[in-house]
Structure formats: C-alpha cells, structure tokens
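Biologist: I'm new to this one. Can you walk me through it?

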Amino acid sequence: MITAAVLQELGASWRDAATYWGPLNATAERYEINTPRRVACWLGQLAHESQGFKRVVENLNYSAQRLLVVFPKYFDAALAEEYARNPARIASRVYGGRMGNGSEATRDGWHFRGRGLIQITGRENYQRCGDALGVDLITRQSLLEQPMYAALSAGWYWDRAKLNDRADRMDIAGITRAINGGTHGAADRVELTAKALRALGGL
C-alpha cells in the first residue's frame, strides 16, 4: 500500500522514499496499519516528525531566542544564552529527571533524545520499545537510526497509544497530542495527512 511515490508526495527525496517504503510496509503489516485512513494518519505524522523522512535524530541545536519559545519552562534569558547552540546540554536539561532519565548531570537526556521516525524519547520509552522489538536500545540507541528500527519503533509507539482507533475516526488532533504532547505543527500534520490520503486513494 505504501509506495515510494506516496512518500515522495509527503516530501521524501527519491533516495529516502526508496529507503523507507519497505520498512514502512513491513511495520504497517505488523501493527495492522492497514486501511487508507490508518496509513494516511500514520504517514502524515511521521512525515512531520522526520521532516519528510530526512531526519531520524532530534535536532536540538537551538538559538537562545528559540529556547525561550520551545522550552520556556526550562530556560530564562540568562540560561538560554548559556545553553544556546549546545545540543547535548540542552537535551540533558530539558529531558533530565523525567521519562525514566537520570538528572541533567547523567546526560541521559542527550543519550535518549528523540530517535526514529516518530522520535522515541526517554530511557523508559527506549527500554519498552527495545523489549517489544527484541533489541537492546539502552546500550545501542543508534539502532533507532537504522531504517527498519526507525520504522518499527514508530509502529510500536502507534500501536501502544492505540492510534489506529483514532485514525479510523480521523482524529488528527488527538493523534497529534498523543505523539507530541501538545499541538505543535498541527496545521502541517493535517496537511500531510490529507496529502497521504489523496495519494493512497482513500476516503
């Protein structure tokens, strides 16, 4: 059902489309992402999270100004200047002490930053995802950067959050909140989902 042409409609380069269509089809079969609506909702979210299937590691190279916008809970103006353009320090701060991560000093936030096509984040999610897929993601985090595990982890998270049910109802806002924790990029996600649905010939 998922072809390279469909992925290109969502912004993937020819090379990335050729890389991911196989792993995505295998993952979709495994997790019953098997109707036009389910596939479209899934691909729309993945295309947004991965910037058109280009990026499978979270980009945390923020300016001071952007830190104040994206992570206002963790930075004031002075701290933002101190941490700006230092992705490892930024990740360690914003993800430290939560999602199963140790404190900022442990650098867990950096080691377990978002990876894969749906950006699995945090030691706890790495552990759960690794257990489900039968691989050690605690010591081999970079496995999530490989096409098959990048796709499988996205299917695992989708299934764990029961997002097929939301996709059946075309509840894109609910899916976005389940993946993002908020509504960041909501308009783009809606547009990409609509593009995917048209490319798949779905209703």
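Modeller: Let's start with a charged cluster. Arg-166, Arg-169 and Asp-171 are linked in a network of salt bridges. A salt bridge here is a side-chain nitrogen of Lys or Arg within 4 Å of a carboxyl oxygen of Asp or Glu.

Biologist: What kind of model is this, and how are residues numbered?

Modeller: This is a predicted model, where local features need pLDDT of at least 70, side-chain atom pairs count only at pLDDT 80 or more, and totals for chains, interfaces and linings use all residues. Residues are numbered from 1 along each chain as its sequence is written, and side-chain values use heavy atoms, with hydrogens and water left out.

Biologist: Okay. How many salt bridges does the structure hold?

Modeller: The structure holds 10 salt bridges. One of them joins the side chains of Glu-49 and Arg-189, at 2.8 Å from N to O.

Biologist: Why does the pair of Glu-49 and Arg-189 tie parts together?

Modeller: Glu-49 sits in helix α3 (residues 36-49) and Arg-189 in helix α12 (residues 186-200), so the bridge ties together parts that are 140 residues apart in sequence. Helices are DSSP runs of H or I with at least four residues, strands are runs of E with at least two, and numbering goes from the N terminus.

Biologist: Are those two buried or exposed?

Modeller: Glu-49 counts as buried, at 16% relative accessibility. Arg-189 is buried too, with a relative accessible area of 1%. The cut-offs are under 20% relative accessible area for buried, over 50% for exposed, and partly exposed in between, using a 1.4 Å probe and protein chains only.

Biologist: Which residue forms a salt bridge with Asp-108?

Modeller: Arg-123 does, with the closest N and O atoms 3.3 Å apart. Arg-123 lies in helix α8 (residues 123-133) and Asp-108 in helix α7 (residues 108-111), so this pair ties together parts that are 15 residues apart in sequence. Asp-108 is buried at 8% relative accessibility. Arg-123 is partly exposed at 31%.

Biologist: Switching to packing. At what angle do α2 and α3 pack?

Modeller: Helix α2 (residues 14-30) and α3 pack at about 135°, with axes 12 Å apart. That makes α2 oblique to α3. Axes are lines fitted to C-alpha atoms, for helices over the stretch in contact, and angles run from 0 to 180 degrees between N-to-C directions. Under 35 degrees counts as roughly parallel, over 145 as roughly antiparallel, 65 to 115 as roughly perpendicular and the rest as oblique.

Biologist: Which residues make the contact?

Modeller: Leu-24, Thr-27 and Ala-28 come from α2, and Trp-42, Leu-43 and Leu-46 from α3. Contact means heavy atoms within 4.5 Å. By class, the contact of α2 with α3 has 5 nonpolar, 1 polar and no charged residues. Ala, Val, Leu, Ile, Met, Phe, Trp, Tyr, Cys and Pro count as nonpolar, Asp, Glu, Lys and Arg as charged, and the others, Gly among them, as polar.

Biologist: And how do α2 and α9 meet?

Modeller: The axes of α2 and helix α9 (residues 147-160) come within 9 Å and cross at roughly 35°. Residues in that contact include Tyr-20 and Pro-23 of α2, and Met-148 and Leu-152 of α9. The contact of α2 with α9 divides into 9 nonpolar, 3 polar and 1 charged.

Biologist: Next, α11. Which of its residues are buried?

Modeller: In helix α11 (residues 172-180), the buried residues are Ile-172, Gly-174, Ile-175, Thr-176 and Ile-179. They pack against α3, α9, α10 (163-168) and α12. Gly-181 follows α11, and its phi is positive, near 80°.

Biologist: Last topic, loops. Where is Lys-73 found?

Modeller: Lys-73 is in the loop between α4 (64-70) and α5 (77-83). Lys-73 is exposed, with a relative accessible area of 71%. Its C-alpha atom is 38 Å from that of Val-6, 67 residues away along the chain.
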